[in-house]
Structure formats: structure tokens, C-alpha cells
Amino acid sequence: MYAIVDIETTGSHPFANGITEIAIVLHNGNEVEGRFETLINPGIPIPGYITYLTGISNRMLADAPSFEEMAMNIYRMLNGRIFIAHNVNFDYTFLKHHLQAYGLEWKPKKLCTLKLSRKVFPGHHRYGLGHICRTLEIPVQNRHRAAGDANATAILFEKILSHGGDKVIKDFLRKDTHEQILPPNLPREEVNNLPYAPGVYYFYDAKGKIIYVGKAKSLRKRVLNHFTGLNTGKKRQDFLRNIYKISFTECPTELTAFILESVEIKKHWPVYNYSQKRFDQMYGIYSFQDAKGYQRLAIDKKRKNVETVAQFHLLNDAYRTMWQMVREYELNPHLCFLDKSITPIPEFPDVSQYNERVKNAVTKIQKADGTYFIFEESVFGKKQSCILIENGKFYGMGLLPENLKTSEPELIKPHLTCYPENEVIPVLLKSFKRKNPDKVITFENEPTELLNA
């Protein structure tokens with residue numbers, strides 16, 4: 001027993017929009033049992049572009065019943081039947097939301113004729129209702145009106161059944177299948193290929209552009225979580241409609257997945273990633289030699305491709321560190337751009353003597369966070385995951401051969417992939433280091449054996 005439905009609405013998401021028309025075709029799997037259609041007054045004005053698309057105007061709906069008046073009648077027709085629509089989740093979320101608003105709990109099994117068509121009639125370029133109906137020579141009267149589209153969907157459903165679609169339908173209705181929760185344009189195979197392993201996943205739009213990057217402890221579980229629930233907000237609905245393809249990169253640990261996600265977001269700048277796309281201004285302490293030969297220190301905004309002595313998220317932290325260097329190594333504040341009222345170095349006529357103090361200060365600050373490794377067991381067999389932080393800066397990460405038994409940076413580097421550091425990675429690493437001291441090995445200029453080697 002099926003209810004084949006099409007609705008027209010005032011917009012693309014149910015939270016702030018209403019239903020203007022609904023058509024229901026009752027079908028027993030062999031033939032049509034009944035039809036129902038009605039205009040509905042949504043209680044809000046219809047946008048001009050919707051009227052242009054559907055032909056439904058505010059005047060036409062002035063005397064139409066409200067959804068509240070029709071809710072119980074609609075519920076009785078739908079309840080207990082398998083709900084069918086072309087791009088089913090659109091119609092389902094609208095009806096679910098509005099029925100729920102009047103206290104009617106409706107949890108049907110669902111079938112999507114768009115997804116069924118992909119399975120039963122493979123190889124076509126497009127599967128939108130208009131396109132697939134033209135391809136299969138299904139007549140459509142009153143396109144973009146509820147009755148016209150519902151009747152066309154009913155004929156499409158019958159064609160699916162007549163072309164051996166029974167098995168596909170049973171497969172779609174199985175409790176353990178994820179088909180009905182997937183975005184309308186995403187083939188199930190894209191999810192079936194995902195492993196239960198840590199990694200980074202990428203969502204692509206119809207043009208093959210990356211629109212979202214995420215990280216996961218379990219790739220398949222995390223991706224499926226994107227598609228569950230009844231969030232009817234416009235952003236989420238637009239997001240789901242734009243997902244056409246998924247790719248992924250497996251990572252040896254959850255931490256390496258976190259780091260790679262951050263790198264990839266900064267690289268691709270996906271439209272649906274928000275949290276890491278803010279511009280966070282960083283500051284650096286820079287060292288340079290002036291015309292008189294003095295080695296000077298200065299605080300400035302972090303610039304690309306310019307080496308820093310140290311870098312900071314807060315300007316106050318940079319100044320606090322600089323003053324600490326000045327006091328500890330008796331540097332001249334004027335030459336550090338801290339106090340312009342102090343004359344340059346009267347107590348150090350020997351430039352090399354002063355420069356040696358600067359060198360010692362720089363060496364200490366660079367070694368403040370030190371050089372250390374994070375070693376973790378990998379999901380890839382016996383190989384160890386390794387992350388290298390060199391002189392307080394993220395260098396890279398990778399997998400080490402089983403027979404490599406050293407923590408000498410120069411011997412490990414060839415096995416690592418270098419990645420650009422950003423403002424997120426140091427925070428991740430410091431948090432991990434604080435919580436997992438047993439997985440951290442500090443390099444003290446003397447080679448040591450790896451833990452658990």
C-alpha cells in the first residue's frame with residue numbers, strides 16, 4: 001500500500017514556509033485506488049518567483065482551506081502507507097514538520113522514485129522528474145502543480161515495478177539500508193565505499209568542487225550522521241541537495257585526521273565549512289640585522305613565507321615574551337622596538353657582543369616548546385603514526401617503518417609528509433600533549449629508541 005505524493009510550497013525549507021498545494025495518489029502496487037488534491041492557504045504571501053514557477057497566486061489561495069483544517073484528512077490518507085515522492089525527503093520533511101505542528105506523529109517508510117530510477121534505469125544524465133519523464137516518454141500535464149507531478153510520479157513508479165523494480169524496492173525498504181536517509185543526488189555506493197576507520201572525508205557538488213571537509217574517528221558512521229535527524233533549516237537542506245559525491249583519505253589515528261582536516265579546510269576553503277574559515281590574525285617575533293650590524297627583534301603581524309622566531313595568537317603574549325627576553329638577556333628595548341625613548345646600546349659598543357645576547361635569547365625562545373614527537377599506534381597494522389614538532393613548530397606527520405628504531409629528527413623526516421602550520425594545529429597538539437604525555441617523546445639532541453618499538 002503506497003501513497004504517492006507531490007506538494008507545492010512557498011519556499012525550499014519547512015521551518016519558515018508553508019504548503020500551497022498537495023496531491024496524493026493511493027496505489028496498491030498494481031493500480032491506482034484513489035486520488036486527492038487540494039490547494040492550501042499557507043497563511044503567508046507567495047513569493048513572485050514561486051507564482052511564476054507554479055502558477056499558484058495569492059488570489060487563488062484566498063478561499064483555500066488552511067493546513068490545520070486539512071491536517072487530519074491528510075494524515076488519515078498517508079498513515080499506514082509507504083510514502084513515495086520524487087526526491088522524497090523534500091516532501092517528507094515538509095509534511096512531517098507541518099503534521100507535527102498539529103500534534104500528529106507520522107513515521108512512514110519512504111521510497112524515492114529519483115533514487116529508484118537511478119537503480120532501475122541506469123545511465124541517464126539527469127534524473128529530475130521532468131528529465132526522467134521525457135526520457136521514459138511519460139506524459140506530464142501541469143508540470144510544477146501537485147496533481148500533475150503526483151500523477152507523473154505514479155506512472156514512473158509503475159514503470160519501475162514493470163522493469164523488475166520489486167527487488168530494488170525491497171532492498172530500499174530493508175531496515176538496515178541507509179538509502180532513504182541519503183541526500184537525493186548521492187548514490188548509495190558513495191557511502192558503501194566508506195570504511196570504519198579514522199580519516200578525512202570530502203563532499204563534492206555537481207561540478208566536482210569540494211563543498212565540505214570533515215574528520216572522523218569512523219568515516220562511515222560520521223558521514224551517515226550528516227544525513228540523519230530532521231533538521232529542516234534552509235542551510236542544511238541546501239547542503240544535502242548539493243552533495244553529489246564523496247571521497248576520503250584514511251588516517252592512522254584520530255589526531256592525524258584532526259590535523260589533516262584543518263590543513264584541507266585552509267587549502268580548499270569549502271563553502272559549507274564555517275568554524276575554521278575565520279581569519280585569525282597571528283603575530284610573530286622577527287629577527288633581522290640593521291645597517292649598523294645590530295641584530296634586532298621586532299613584533300609584527302604574521303606574514304606568509306617569512307620565518308619567525310616565535311608566533312602568537314595574541315599580541316599581548318608576543319609583547320610579554322619580548323619583554324621577558326629583554327630582561328633575561330639584557331637586550332636594549334630600543335633595538336626591540338619596545339621603548340623608543342631609550343638610546344641604542346650605549347653599554348654595548350661591541351656589536352658582536354650584543355648580537356650574541358640576541359642569538360642566545362632567540363635560541364631559548366625557539367626551544368621553549370622544544371622538538372618532540374607524538375607516537376601512536378596506527379590502524380594500519382604494526383606501523384607507528386608519528387607527528388614531529390620541531391622547535392615548537394609543526395613539521396609534519398606520517399607512518400614509520402617497523403624496523404626504524406630512532407627518534408633522531410633527521411632520520412625520521414624522510415618518512416614524514418610536511419604540512420603547512422595554521423592557527424588550529426598548535427592548539428590541537430598542545431591539548432593532545434597535555435592529555436597524553438605517555439605518547440610524547442622529547443628530542444634532547446641524543447638519539448633514543450622509540451617507545452614500544
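Student: What covers the buried residues of helix 8?
Tutor: This is a predicted model. In it, the cover includes strand 1 (2-9), strand 5 (110-112), helix 5 (113-120), helix 7 (146-162) and helix 9 (188-192).

Student: And which residues of helix 8 are buried?
Tutor: Helix 8 spans residues 165-173. Its buried residues are Gly 165, Val 168, Ile 169, Asp 171 and Phe 172. They cover an arc of only 160° around the axis, so they sit on the same side of helix 8.

Student: What does the face turned away from that side carry?
Tutor: Two lysines, Lys 167 and Lys 170. Both are exposed.

Student: Back to the cover. At what angle do the axes of helix 7 and helix 8 cross?
Tutor: Roughly 105°, and the axes come within 6 Å. That angle makes helix 7 roughly perpendicular to helix 8.

Student: Which residues make the contact?
Tutor: From helix 7, Phe 157, Ile 160 and Leu 161. From helix 8, Gly 165, Asp 166 and Ile 169.

Student: How does that contact split by class?
Tutor: Four residues are nonpolar, one is polar and one is charged.

Student: Helix 5 was in the cover too. Where is Val 120?
Tutor: Val 120 is in helix 5.

Student: Buried or exposed?
Tutor: Val 120 has a relative accessible area of 16%, so it counts as buried; the cut-off is under 20%.

Student: What does Val 120 touch?
Tutor: Leaving aside neighbours within four places in sequence, Val 120 is in contact with Ile 160, His 163, Gly 165 and Val 168. Ile 160 also belongs to the contact of helix 7 with helix 8, as does Gly 165.

Student: How far apart are Val 120 and Leu 26?
Tutor: They are 22 Å apart in space, C-alpha to C-alpha. In sequence, 94 residues separate Val 120 and Leu 26.

Student: New topic, the largest nonpolar core. Which residues touch the most other members?
Tutor: Ile 24 and Leu 95, in a core of 55 residues. Helix 7 gives the largest share, nine residues.

Student: What is Leu 95 in contact with?
Tutor: Setting aside neighbours within four places in sequence, the list is Val 5, Ile 7, Ile 19, Ile 22, Phe 67, Ile 74, Leu 78, Phe 83 and Trp 106.

Student: What lies apart from that core?
Tutor: Another core, of 22 residues. Among them are Leu 255, Tyr 372, Ile 387 and Val 440.

Student: On to helix 11. Which of its residues are buried?
Tutor: Helix 11 covers residues 234-241, and the buried ones are Arg 236, Gln 237, Asp 238, Phe 239 and Leu 240.

Student: What do they pack against?
Tutor: Helix 4 (88-101), strand 6 (199-204), strand 7 (210-216) and helix 10 (219-227).

Student: Now some backbone. What is phi of His 144?
Tutor: Near 70°, a positive value in a residue other than glycine. Most residues other than glycine have a negative phi.

Student: Where does His 144 lie?
Tutor: In the loop between helix 6 (129-135) and helix 7. At 27% relative accessibility, His 144 counts as partly exposed.

Student: And what about phi of Trp 269?
Tutor: Trp 269 is not a glycine, yet its phi is positive, about 50°. Trp 269 is found in the loop between helix 12 (254-268) and strand 9 (283-289). Its relative accessibility is 43%, which counts as partly exposed.

Student: What about Gln 281, where is that found?
Tutor: Also between helix 12 and strand 9, in the loop. Gln 281 is partly exposed, at 23% relative accessible area.

Student: Which residues does Gln 281 touch?
Tutor: Lys 301, Lys 302 and His 313, not counting residues up to four places away in sequence. Gln 281 and Lys 110 are 48 Å apart, C-alpha to C-alpha, and 171 residues apart in sequence.

Student: Last one. Which helix holds Asn 355, and what does that residue touch?
Tutor: Asn 355 is in helix 14 (residues 351-366). Asn 355 is buried, with a relative accessible area of 16%. Not counting residues up to four places away in sequence, Asn 355 touches Gln 289, Gly 293, Tyr 294 and Gln 295.

How values were computed. Residues numbered from 1 in each chain as written. Predicted model: local features only at pLDDT ≥ 70, side-chain atom pairs only at ≥ 80, totals over all residues. Heavy atoms only, no water. Buried < 20%, exposed > 50% of the residue type's maximum accessible area, 1.4 Å probe, protein only. Helix = DSSP H or I, 4+ residues; strand = E, 2+ residues; numbered from the N terminus. Arc of directions from axis to C-beta. Contact = heavy atoms within 4.5 Å. Axes fitted to C-alpha atoms, helices over the stretch in contact; angles between N-to-C directions. Parallel < 35°, antiparallel > 145°, perpendicular 65-115°, else oblique. Nonpolar A, V, L, I, M, F, W, Y, C, P; charged D, E, K, R; others polar. Core = buried A, V, L, I, M, F, W, Y, C linked by side-chain atoms within 4.5 Å.
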